[in-house]
Amino acid sequence: RDVAPSRGLGDVYKRQLVVEVKSKREYPAPNRRSRQREHIPVEDMRYEAWFHPLNGAGDFKLELTAGDYHQIDKGSKGELKVKGSRFISFVPETAP
C-alpha cells in the first residue's frame with residue numbers, strides 16, 4: 001500500500017504577500033445577550049482590513065486585533081503574513 005508521509009498542514013497554509021492596505025473598518029460586535037443596548041456599558045469592537053496583493057490577485061479581508069488594527073495605516077504597502085485566513089503580521093515597507 002502506497003501511503004505518503006503526513007505533512008503538518010500548519011506550514012501548507014502559511015503565506016507571505018506584498019500588499020497594499022486598501023481600507024480599514026472598526027465596528028461594534030453584535031451582542032446577542034441583550035436587546036436593550038442602552039444597558040451595555042462597553043461594546044466589544046471588531047476590526048478588519050482589506051488588502052490588495054501587488055501580484056494582481058483579488059482583494060481580501062482579514063479580521064485583526066485592536067493592536068494590529070491601530071498599527072496599520074490605510075494606503076501603506078508592505079509584507080503581510082497569513083496562516084489560512086488568519087492574520088499573522090504586517091510589516092510596512094520602509095521609505096527609501
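Student: Why does K61 count as partly exposed?

Tutor: Set the value against the cut-offs: partly exposed is the band between under 20% (buried) and over 50% (exposed). K61 has a relative accessibility of 43%, so it counts as partly exposed. Keep in mind that this is a predicted model.

Student: How do you know that K61 forms a salt bridge with E48?

Tutor: Check the distance. The closest N and O atoms of K61 and E48 are 3.7 Å apart. The rule asks for a Lys or Arg side-chain nitrogen within 4 Å of a carboxyl oxygen of Asp or Glu, so the pair qualifies. K61 sits in strand β3 and E48 in strand β2, 13 residues apart, and the pair links distant parts of the chain.

Student: What makes R25 and E48 a salt bridge?

Tutor: The cut-off is again 4 Å. Here the N to O distance between the two side chains is 2.8 Å, so R25 and E48 pass the test. This pair also links distant parts of the chain: R25 belongs to strand β1, E48 to strand β2, and 23 residues separate them.

Student: Why is E48 called buried, and why does R25 count as partly exposed?

Tutor: Buried requires under 20% relative accessible area. E48 has 5%, so E48 is buried. R25 comes out at 41%, which lies between 20% and 50%, so R25 is partly exposed.

Student: Which residue is the bridge partner of R25 in β2?

Tutor: E48 again, this time as the strand-bridge partner. The strands involved are β1 (residues 14–28) and β2 (residues 45–53), which run antiparallel.

Student: How do you know that β1 and β2 are joined?

Tutor: Count bridges. Strands pair if there are at least two bridges between them. β1 and β2 have nine, so they pair. By the same test, β1 pairs with β4 (residues 77–83), since seven bridges join them.

Student: What is the order of the strands in the open sheet?

Tutor: The order is β3-β2-β1-β4-β5, with antiparallel pairing.

Student: What makes β3 and β5 edge strands?

Tutor: Each of them pairs on one side only; they cover 60–64 (β3) and 86–92 (β5). Direction ignored, neighbouring strands of this sheet are turned by 45 degrees against each other on average.

Student: How many residues lie between β4 and β5 in their hairpin?

Tutor: Two, and G84 in the turn has a positive phi of about 70 degrees. Elsewhere in this pair, G78 stands opposite P92 in β5.

Student: Why does S76 count as buried?

Tutor: S76 has 17% relative accessibility, which is under 20%, so S76 counts as buried. S76 lies in the loop between α2 (66–71) and β4. Not counting residues up to four places away in sequence, S76 touches V19, E20, V21 and F90.

Student: How do you know that the side chain of S76 reaches the backbone oxygen of D73?

Tutor: The distance is 2.7 Å. A polar contact needs N or O atoms within 3.5 Å, so this one is inside the limit.

Student: What do the elements of the protein chain come to?

Tutor: Two helices and five strands. From the N terminus they run α-β-β-β-α-β-β. Buried residues make up 23% of the 96 residues. The accessible surface comes to about 7600 Å², and 48% of this belongs to carbon and sulfur atoms.

How values were computed. Residues numbered from 1 in each chain as written. Predicted model: local features only at pLDDT ≥ 70, side-chain atom pairs only at ≥ 80, totals over all residues. Heavy atoms only, no water. Helix = DSSP H or I, 4+ residues; strand = E, 2+ residues; numbered from the N terminus. Axes fitted to C-alpha atoms, helices over the stretch in contact; angles between N-to-C directions. Buried < 20%, exposed > 50% of the residue type's maximum accessible area, 1.4 Å probe, protein only. Areas by Shrake-Rupley, 256 points an atom, 1.4 Å probe, with all protein chains shown as cover. Polar contact = N/O pair within 3.5 Å; in protein donor to acceptor, adjacent residues only side chain to side chain. Contact = heavy atoms within 4.5 Å.
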